Amino acid sequence: MQAATKDPSEEPPSVLWGLDPIFSAFARLYVRDILQMTESTQVPGIYFYNSHPIYKVDALGTVVYKREREDFFCYGVDDGTGVINCLCWKSNLFREEEEDPGKSGGKHSDVSPGSFNPVTELKKLREAQQKHCRLEIGELLRVRGPVKTSRHQREIMASTYYKVNDPVMAVQIAWMMEIPQLYRQCYDKPPQLQHNAESDTSSLSKATNIIKDFLKQKSVSRFRPYDVQDLLQPLVSCQPQSTSADQEPEAGPSACQQLRQLLKETLELLQDEGIIYRKVKSQDEIYHVTAQDKDLLIAVKDIIREDSKREKYAEKGCHILHILSAVRQRHSLNVSKAALELVLRSLECNSDIVSTSEHHYTVF
């Protein structure tokens, strides 16, 4: 394939790449995305996915073709989204064993039966290494290493690779459950790279993180704005501007006004993300924490269980928009789609429901 290149103006400066934690990790991307990543114009061998700098990946897939040479294996790995070529070098011990299979035999014959024989144990270790490094078509391969483009073809230069024994597909299921979470939490979010020595997050994002941490640590199920207002006080500058005797102070919002505005914007952002919602909009401003609202979790689960029995939803399950409509009728008109998606993910992680497709859900 022809490696796509990224416009230099769209790339973050290379000096900032180390601020992105994904840069120093083995990125667990789908093979499709590895093949479609754009290559950096600043440093060859560095690729970008959603502006994240990436140069090494971690892949798991089925071997669909293989070639063997004197120094390496070449495996085609298919994870269901695409096939990528993996170049896996043979170790020195592996090559020595192939060149002289009987090299370790015939020595230490005077070792008594039943005692520890280091030569025999070394031979067993080499055989086990060969077994895990020599794969056949249809077997499962885990491979880690940097991504390279050779002769217009994207491939993984394996630094670590081994055969995965997965008779009941437990490893593959765990992998398929983990990858979407990594995409949602890391890869699909733009990197927070800072261009100067100032803080890399705005006051709003800091306030959002403060309240999220508070809700998680205290397991809060519902709260009022004044319950969390003091948490944001350190983010508001309370030092008055100095003025001379003949100079009037500049007009501007007071510290209390700034605090109330910051709190308002933070709560609105948390509602947009589905973290919180107002069950009833009234003068008594009460916010419910979506993940801790047991009544909402039960209502969503009951709706899916009851409606999945209907002939219309028996095959594919209930669509998320149908569930949202039913929740708004049964529980609260103010439940957003983002809040519902958070509840559905929680129920699916607890194995209370299962997704039959991207937007359909049913019960076991």
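1. In this predicted model, the contact between helix H9 (residues 320-330) and helix H10 (residues 337-349) is formed by Ile 320, Ile 323, Leu 324, Val 327 and Arg 328 of H9, which meet Lys 337, Leu 340, Glu 341 and Leu 344 of H10, where contact means heavy atoms within 4.5 Å. By class, the residues of this contact divide into 6 nonpolar, no polar and 3 charged; Ala, Val, Leu, Ile, Met, Phe, Trp, Tyr, Cys and Pro count as nonpolar, Asp, Glu, Lys and Arg as charged, and the others, Gly among them, as polar. Helices (H or I, at least four residues) and strands (E, at least two) are DSSP runs, numbered from the N terminus.

2. The axes of H9 and H10 come within 10 Å and cross at roughly 105 degrees, which makes H9 roughly perpendicular to H10. Axes here are lines fitted to C-alpha atoms, for helices over the stretch in contact, with angles running from 0 to 180 degrees between N-to-C directions; angles under 35 degrees count as roughly parallel, over 145 as roughly antiparallel, 65 to 115 as roughly perpendicular and the rest as oblique.

3. Strand E7 (residues 140-150) has several antiparallel partners, where two strands pair if DSSP finds at least two bridges between them. With strand E4 (residues 56-68) E7 pairs over 7 bridges, and Leu 60 stands opposite Arg 142 in E7. With strand E9 (residues 160-164) E7 is joined by 5 bridges, the partner of Arg 144 being Thr 160 in E9.

4. E7 also pairs with strand E8 (residues 153-158), in the antiparallel sense and over 4 bridges, with Lys 148 opposite Glu 155 in E8. The hairpin of E7 and E8 has 2 residues between the strands, and Arg 151 takes a positive phi near 50 degrees there.

5. A separate point concerns the open sheet of 3 strands in the order E10-E12-E11, with antiparallel pairing. Its edge strands are E10 (222-223) and E11 (276-277), each of which pairs on one side only. E10 and strand E12 (residues 287-289) pair over 2 bridges, and the bridge partner of Phe 223 is Tyr 287 in E12.

6. On confidence, the protein averages a pLDDT of 83, and 82% of the residues score at least 70, pLDDT being the predictor's confidence in each residue, from 0 to 100. Confidence is lowest in helix H2 (residues 92-99), at a mean of 57, and highest in helix H1 (residues 31-36), at 96. Over residues 104-109 pLDDT stays under 50, and the model has 4 contacts beyond four places in sequence for them; over residues 195-200 pLDDT likewise stays under 50, with 6 such contacts.

7. Residues are numbered from 1 along each chain as its sequence is written, and side-chain values use heavy atoms, with hydrogens and water left out. In this predicted model local features need pLDDT of at least 70 and side-chain atom pairs count only at pLDDT 80 or more, whereas totals for chains, interfaces and linings use all residues.
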